[in-house]
Amino acid sequence: RKNGLYTVQLRVKPKDGPEEVVQQTVYIGSYVNALCDSVIAAPYRRSEVFFPAGALASSGLFTLSALQLDDVALEQPLDIQNIGPIVEILPHQSGFPDGKKPTLTYKYTPSDVDELSRQGIDLSQANICYLGDDGGLHLLSSTHGRNDDGVYQITAPLSHFSRFALLGGA
């Protein structure tokens with residue numbers, strides 16, 4: 001899980017000449033302009049973060065990464081089911097202006113909703129939770145609805161960036 005500016009070393013072999021090591025600067029993350037609305041998405045677009053204009057003090061690179069349950073230290077094992085990926089937003093930061101908080105959204109197509117329903121999972125009972133550094137779970141105020149394409153969405157405003165999960169029955 002990386003975010004920001006990195007320098008990598010590459011070993012290259014020109015057609016005519018000896019092998020050499022060169023350095024290359026790489027940027028990891030999605031650029032978010034603080035002056036306009038922006039969205040970043042996790043792989044497979046199951047989750048995304050919306051940044052309203054003015055939410056950030058300055059523009060920069062942000063990453064939304066999917067994690068495995070094994071990557072997260074919890075106070076005690078979950079007795080409720082996580083639905084979809086646990087995500088981490090980097091870099092960690094907080095202090096967004098009132099009325100301009102970024103939001104985290106989990107998205108499920110109608111076929112996803114049907115499949116989860118067959119497994120006994122009711123998305124209307126799911127909520128987004130913050131996974132604290134202390135291993136505790138902290139419930140966020142989640143809203144549920146469908147977009148114009150019929151995609152089921154669960155959204156919560158964020159007071160900070162860290163690790164989050166969608167939990168059934170939370």
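In which loop is serine 142 found? Serine 142 lies in the loop between β10 (137-139) and β11; strands here are DSSP runs of E with at least two residues, helices are runs of H or I with at least four residues, and both are numbered from the N terminus. The model is predicted, so that local features need pLDDT of at least 70 and side-chain atom pairs count only at pLDDT 80 or more, while totals for chains, interfaces and linings use all residues. Residues are numbered from 1 along each chain as its sequence is written, and side-chain values use heavy atoms, with hydrogens and water left out.

Serine 142 has a relative accessible area of 16% and is therefore buried, a term that means under 20% with a 1.4 Å probe and protein chains only. The side chain of serine 142 reaches the backbone nitrogen of isoleucine 128 at 2.9 Å. Beyond its neighbours within four places in sequence, serine 142 is in contact (heavy atoms within 4.5 Å) with residues including Asn127, Ile154 and Ala156.

Threonine 143 has threonine 155 in β12 as its bridge partner. Five residues separate the two strands of this hairpin, and glycine 150 in the turn has a positive phi of about 85 degrees. Strand β12 (residues 152-157) also pairs with β8 (residues 103-108), in the antiparallel sense over six bridges, and there leucine 104 is the bridge partner of alanine 156.

Technical notes: Pairing = 2+ DSSP bridges. Buried < 20%, exposed > 50% of the residue type's maximum accessible area, 1.4 Å probe, protein only. Polar contact = N/O pair within 3.5 Å; in protein donor to acceptor, adjacent residues only side chain to side chain.
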